[in-house]
Amino acid sequence: MGLKIPPIIGHRGARDYAPENTLESIRTAYEMGVTWVEVDVKLTADSVPILFHDDELDRTTNGHGLVAHTRWADLQDLDAGNWFSEGFTGIRVPTLEETLDVLMHYNMGVNLEIKPCPGREVETTEAMLDLLTQSWDERDNILLSSFSHVALETAKDMAHDFTRALLLEDEWPKNWLEIAEYLETPIINISNNCNREQVELVIDSGRQVFVYTVNDPQRAKLLRQWGVDGVFTDDPDAITPDLFRTN
Ligand code: G3P
Ligand code: MG
């Protein structure tokens, strides 16, 4: 049985309105009426799970170099808000631990995308799951996803009771269904460059399908007509649940 995920998931929080993958971005999504968010999780050099998208610090902080080479003690001093706008100056990169507290406070659901730095797939998944199994009691308001098959396999072996989704890029491997069957993923998250046939292939396989990243209401309506279960959006103001209501 699939998870009951709402049709609108805030991408990296509410990415168009606050610096992505920060507590402020999650709070902003909540204030905009979003009940589930997607965030990216990777590890610092000393294996602290944090919210972060890129392998490098440069785009979303005032730091430089690889996240995988930066210890938490140094990373927590970086500014993760000013690059977005001056009003967010002083915002920090959050740990996964403090993120889970905020999500629980707001009673929000979450899609944790396991986004390991290269070579750290197993370690990243294990560190995340160590934390989750200690602190997250519910299983119906959390989804783990990844482009990394190793990460999804590790999650399957280590914590089978957390639902997993396979992420597919624009180009699908020929054996995508075999991979989904092996990894036991009842959900497939696909790119917005998908076509109707691809959506229908996932639906015909008995799986739920979500699409990233959709910021155009007309496109969201079309995807709904094709039968997708929901979309990830940077803009929860433009992409609202009424686009997904069937009449
Ligand atoms: O999880 C959906 C989406 O976030 C995957 O791509 O690069 O935005 O993490 P990316
Ligand atoms: Mg992501």
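This is a predicted model: local features need pLDDT of at least 70, side-chain atom pairs count only at pLDDT 80 or more; totals for chains, interfaces and linings use all residues.
Conventions. I worked with residues numbered from 1 along each chain as its sequence is written, and with side-chain values that use heavy atoms, leaving out hydrogens and water. Local features need pLDDT of at least 70 and side-chain atom pairs 80 or more, while totals for chains, interfaces and linings use all residues.

Aromatic pairs. I found five aromatic pairs in the structure. Rings of Phe, Tyr and Trp (its six-membered ring) pair if their centres lie within 6.5 Å; planes under 30 degrees apart count as stacked, over 60 as edge-to-face and the rest as tilted. Trp172 and Trp176 also form an edge-to-face pair, at 5.2 Å centre to centre and 70° between the planes. I noted Trp172 as buried at 16% relative accessible area and Trp176 as buried at 9% (buried means under 20%, exposed over 50%, partly exposed in between, with a 1.4 Å probe and protein chains only). Phe84 is partly exposed at 27%. Trp83, Phe84 and Phe88 form one aromatic cluster.

Ligand 1. I listed the residues around ligand 1 (a heavy atom within 4 Å); among them are His11, Asp40 and Glu113. A polar side-chain atom of His11 lies 2.8 Å from an oxygen atom of ligand 1. For Asp40 the corresponding distance to a ligand 1 oxygen is 3.2 Å, and for Glu113 it is 2.8 Å (a polar contact is a pair of N or O atoms within 3.5 Å).

Notes. Chains are lettered from A and ligands numbered from 1 in the order in which they are written. A polar contact is a pair of N or O atoms within 3.5 Å; within protein, one must be able to donate a hydrogen and the other to accept it, and residues adjacent in sequence count only if both atoms are side-chain atoms.
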